[in-house]
Amino acid sequence: MGVAVFWVLAVLAVVSGTMVFRFDSMARATFSLLTSLLSVGGLVVLLGLDYLGVVIVLMMTIEMAIMAVFMVMYMMNPAGLMPMTMMHNKKGAAVVCALVFALLATGILLAPWPARRGKAPTDPTMDLGMSLMGPQMLTMMTLGMALFATIVATVVLATRRGRYDRLGDDLRARHADDPVRGGIGR
Amino acid sequence: MAERAPLWTVFVLPVLLVIVALVAAGFDAVLSAGARSGRSASLREAAVRASWPGREALRHLVQQPRRTRASDVPLTRIGTALLPVAAILAGVVLPLGFRSVSDLPEGIVWFNAMESLAWAAVWLAGWGPNSALSLIGGYRFLAQGLAYELPHMLAITTAALGAESLRVGEVVDAQAGLWFAVWMPVAFGIYLLSAMAMAFWGPFDQPAGRDVAGGAVAELSGADRVLFLGGRWLLLVVASAFSVPLFLGGGHGPLLPGWTWTVLKTAAVLTVLVWGRRKVPALRMERYVELAWVVLTPLAIVQALVVAVVVVNR
């Protein structure tokens, strides 16, 4: 059963990953990539890392949905309703992907995998987290906050209407001058 | 911890959910007809009104389907079929009393993941027909969905935090004495609001709203339309049913057996959501979205903090 599920998911992941380069529509390419990532999520569940697998499904779905919007938004034709291909270096990207895939697959096949010692842990997710992060958990949390702050700062810097537009030259306006009135009584 | 129900419940679950969705849609139809032409004079008339969603579904099934020019048929099909499938998959972790089809160790994350699949489904169904109005509907849901999803996630996480487990069965067990709705009311309120929003129901139905001629649903016809709109009802049913194990004590209650309590509480929540839609005026979404980012998200974080402090000191 497990072997059958593995092959189905693995083939689905590789095929839909390849199809990303074959489709002539942004939406199809995005959701083909999502199919590939969801299959990988399924494979992670199959490894016994249930939590990680389900989180992959959750994060990748939201991520790909948002990415679909951004990709279609920045395309040359209006709203992406016409068929198109990815213009930027499609062949090169496909070659790089194929090479990396081949490299990883060879690595998997040639690596001398150790035999299992002892029993499988009761909570593999916990063990994986400890061996990945361990004492560095605080570093990771800080890094996460720093990344998040960077994202917010970038957005703030990138918006056309800055705080002086909203609150006047001396930043003393009582109400922010926004083109769209907000929902919190402004 | 919830017991695992026997295998046949896998097949009963979709049927049960569809029945509940039909009853809820029937209730909504009775309220709609009542608002249009007064209270029904007889029980017979009320029954006719309640059967409207079922008749409407049958009508769409026998109707000649429309097809738009250069539509992306596979993506539309995937989108429309994915919505009910995601709703039913999310329902897998719902305990009826103290038994669920599968009490996954990370059931709460599973539920949220399936809800996000429904999110992608709406975009697909809106994009597929190659039509501006449905495209706008799909886009709107994604843009607004971000603002719904964050407080929603935080509210769900708060319940998991209170029980110190992601297993739905253990969340129910943790409420044997006191319901989470009592000591985390903010999270409960936010959950109800965002559950309605995730099923784009009530004041949040802009993605499928009349102002864009039906939005994401505009071009769907025939079986596609039945699947999509039915899936939306399923999503509403599942999302409101999930508030019972999360915040309302699941099957806990005096005298009656567990499953009756689950059914009663689910019915109560569904009634509030369906009936409440008529009592709330249409919201301007940019206002709600700002409210969600500026007020609800910080409130949800503060509520999570309070719960975390209580849990640490316990």
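Analyst: A residue counts as buried under 20% relative accessible area, as exposed over 50%, and as partly exposed in between. Keep those cut-offs in mind for what follows. The model is predicted.

Start with Arg59(B). Its relative accessible area is 40%, so Arg59(B) is partly exposed. Its partner is Glu56(B): the two form a salt bridge, with the closest N and O atoms 2.9 Å apart. This is a local pair. Glu56(B) and Arg59(B) both belong to helix α3 of chain B, residues 52-62. They are three residues apart there, which means about one helical turn lies between them.

How many salt bridges does a search of the whole structure find? The search covers all chains and returns six.

Asp28(B) and Arg278(B) form a salt bridge whose closest N and O atoms are 2.8 Å apart. Asp28(B) is in helix α1 of chain B (residues 9-37), while Arg278(B) is in helix α11 of chain B (residues 258-279). The pair links distant parts of the chain, 250 residues apart. Asp28(B) has 9% relative accessibility, so it counts as buried. Arg278(B) has 30%, so it counts as partly exposed. The pair also belongs to a network. Asp28(B), Arg277(B) and Arg278(B) are linked there by salt bridges.

Next comes the pair of Glu164(B) and Arg314(B). Their side chains meet in a salt bridge at 3.5 Å, N to O. Glu164(B) lies in the loop between α6 and α7 of chain B, and Arg314(B) in the segment after α12 (285-313), so the bridge ties together parts 150 residues apart in sequence. Are these two residues buried or exposed? Both Glu164(B) and Arg314(B) are exposed.

Ser165(B) has a relative accessibility of 11%, so it counts as buried. Its side chain makes a polar contact with the side chain of Glu170(B), at 2.6 Å. The side chain of Ser165(B) also reaches the backbone nitrogen of Arg167(B), at 2.9 Å. With neighbours within four places in sequence set aside, Ser165(B) is in contact with Ile108(B), Ala160(B), Glu170(B) and Val171(B). For a sense of distance, take Gly189(B). It is 24 residues from Ser165(B) in sequence, and their C-alpha atoms are 21 Å apart.

Now follow the helices of chain B. The axes of α5(B), residues 107-127, and α6(B) come within 8 Å and cross at roughly 175°. An angle over 145 degrees counts as roughly antiparallel, and therefore α5(B) is roughly antiparallel to α6(B). By class, the contact of these two helices has 14 nonpolar, six polar and two charged residues.

Take α6 of chain B, where Ser134(B) has its place. Ser134(B) counts as buried because its relative accessibility is 0%. Its side chain reaches the backbone oxygen of Ser131(B) at 3.2 Å. Beyond residues up to four places away in sequence, Ser134(B) touches Gly126(B), Pro129(B), Gly215(B), Ala216(B), Ala218(B) and Glu219(B). Leu17(B) is 117 residues from Ser134(B) in sequence, at a C-alpha to C-alpha distance of 27 Å.

In helix α5 of chain B, look at Leu124(B). Its relative accessibility is 2%, so Leu124(B) counts as buried. Which residues does Leu124(B) touch, not counting those up to four places away in sequence? They are Leu75(B), Thr76(B), Ile78(B) and Gly79(B), together with Phe31(A) from the other chain letter. Gly79(B) is 45 residues from Leu124(B) in sequence, yet their C-alpha atoms are 4.8 Å apart.

Read along the sequence, the pattern of chain A is α-α-α-α-α-α-α. Chain A has 186 residues, and 22% of them count as buried. Take contacts in chain A between residues at least 6 apart in sequence: 49% of these join residues at least 24 apart.

Note on methods
Residues are numbered from 1 along each chain as its sequence is written. Chains are lettered from A and ligands numbered from 1 in the order in which they are written. This is a predicted model: local features need pLDDT of at least 70, side-chain atom pairs count only at pLDDT 80 or more; totals for chains, interfaces and linings use all residues. Side-chain values use heavy atoms; hydrogens and water are left out. Buried means under 20% relative accessible area, exposed over 50%, partly exposed in between (1.4 Å probe, protein chains only). Contact means heavy atoms within 4.5 Å. A polar contact is a pair of N or O atoms within 3.5 Å; within protein, one must be able to donate a hydrogen and the other to accept it, and residues adjacent in sequence count only if both atoms are side-chain atoms. Axes are lines fitted to C-alpha atoms, for helices over the stretch in contact, and angles run from 0 to 180 degrees between N-to-C directions. Helices (H or I, at least four residues) and strands (E, at least two) are DSSP runs, numbered from the N terminus. Angles under 35 degrees count as roughly parallel, over 145 as roughly antiparallel, 65 to 115 as roughly perpendicular and the rest as oblique. Ala, Val, Leu, Ile, Met, Phe, Trp, Tyr, Cys and Pro count as nonpolar, Asp, Glu, Lys and Arg as charged, and the others, Gly among them, as polar. A salt bridge is a side-chain nitrogen of Lys or Arg within 4 Å of a carboxyl oxygen of Asp or Glu.
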